[in-house]
Amino acid sequence: MAKSSFEYVKKFEHDDSLLPNTWIVIRLDGKCFHKFADDHNFTKPNDLRALKLMNYAAYTVLKEYSDILLSFGQSDEYSFVLRKDSCLYKRRSAKLLTTINSKFSSSYVFYWNKFFEHLPLKYPPCFDGRIVLYPCDENLIDYMKWRQADVHINNLYNTTFWTLILKGQLTPVQAEKRLSGTVSADKNEILFQEFNMNYNNEPEIFKRGTILLRKSILHNKVNKSIIVDVHDDMLKDKFWKENIYILSVKK
Ligand code: DGT
Ligand code: MG
Ligand code: MG
Ligand code: MG
Ligand code: MG
């Protein structure tokens, strides 16, 4: 069939393929989830249903895209790490970001009721997304450590803040004042001395977020790859020593 005279418009599209042989990290984050959490009565500071829904939406993404080796989620965000040599969508940036975001977002809505049974979804949530490239393993590992360190800092603050309000009868303004200028050790002390709470005993999913990774298991004498969720400490070298194979898995 002859080309139409309109076809020249295709030349206006630009090549957005990502640099070869670099780690591709795609991070999604809920838009205005401060409000979304309030509108859907998420428990404070952590809502287990919401975290599990995020994990499940990410799981559907990993199931679909075998090039994702590892992912990490906390609060309203999820990061997906694609293999360095991935040729998925010819490494086209927009295609990767939009399809993965779309798969995640629609799964979040599709599986809402699986986790929030009788609570209706009041409006369609929205997630932003970005792609960051990391040239070496060290940068990628530091990225993962950075996101997990963020959970720790936020969760210790939020746990102490909401304990002061819910159990200590402080107003949010008073709680904020009480915590201003405090370091981690001070917050641990407040929880322990005033509320008999040992922060170390808080659920791992709250303190560390969730890592989704692929593990090979023997099933009926056949090697099978499964996706598992763990809450390990990525800030410790032990995690990377034990799991470094994830980064070098051959296609
Ligand atoms: P953004 O990302 O700039 O559009 O704005 P937000 O509001 O999404 O801010 P962000 O992403 O920095 O922080 C995540 C918000 O999500 C945080 O303010 C509280 C809310 N959130 C996330 N997980 C939970 C939860 O388990 N329980 C409650 N109550 N709120 C949560
Ligand atoms: Mg944000
Ligand atoms: Mg957000
Ligand atoms: Mg966020
Ligand atoms: Mg099409």
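Biologist: Why is the arrangement around the magnesium ion (ligand 3) called octahedral?

Modeller: Six donors count as octahedral if opposite donors are over 155 degrees apart and all others between 65 and 115. Here 6 donor atoms subtend angles of 82 to 177°, so the arrangement is octahedral. Keep in mind that this is a predicted model, in which local features need pLDDT of at least 70, side-chain atom pairs count only at pLDDT 80 or more, and totals for chains, interfaces and linings use all residues. Residues are numbered from 1 along each chain as its sequence is written, chains are lettered from A and ligands numbered from 1 in the order in which they are written, and side-chain values use heavy atoms, leaving out hydrogens and water.

Biologist: Which residues coordinate this magnesium ion (ligand 3)?

Modeller: Asp29 (OD), Gly30 (O) and Asp76 (OD) do, at 2.0 to 2.1 Å. Donors are N, O and S atoms within 2.8 Å of the metal (3.2 Å for Na, K and Ca), and water is not among the atoms, so sites may look incomplete. In sequence, the donor residues follow the spacing D-G-x45-D. Asp29 sits in strand 1 (residues 23–30) and Asp76 in the loop between strand 2 (68–74) and strand 3 (77–82), 47 residues apart, and the pair links distant parts of the chain. As for the other magnesium ion (ligand 2), 4.2 Å separate it from the magnesium ion (ligand 3).

Biologist: Why is Asp76 called buried, and what makes Asp29 partly exposed?

Modeller: Buried means under 20% relative accessible area, exposed over 50% and partly exposed in between (1.4 Å probe, protein chains only). Asp76 has 13%, so Asp76 is buried. Asp29 has 21%, so Asp29 is partly exposed.

Biologist: How do you know that Thr22 is buried?

Modeller: The relative accessible area of Thr22 is 5%, so Thr22 is buried. You can find Thr22 in the segment before strand 1. Not counting residues up to four places away in sequence, Thr22 touches Lys84, Arg91, Leu133, Tyr134 and Pro135, where contact means heavy atoms within 4.5 Å.

Biologist: What makes up the protein in helices and strands?

Modeller: There are 10 helices and 6 strands. These are DSSP runs numbered from the N terminus: helices are H or I with at least four residues, strands E with at least two. Of the 251 residues, 43% are buried. Among contacts between residues at least 6 apart in sequence, 70% join residues at least 24 apart.

Conventions: Four donors count as tetrahedral if all angles lie between 85 and 135 degrees; four count as square planar and six as octahedral if opposite donors are over 155 degrees apart and all others between 65 and 115; anything else is irregular.
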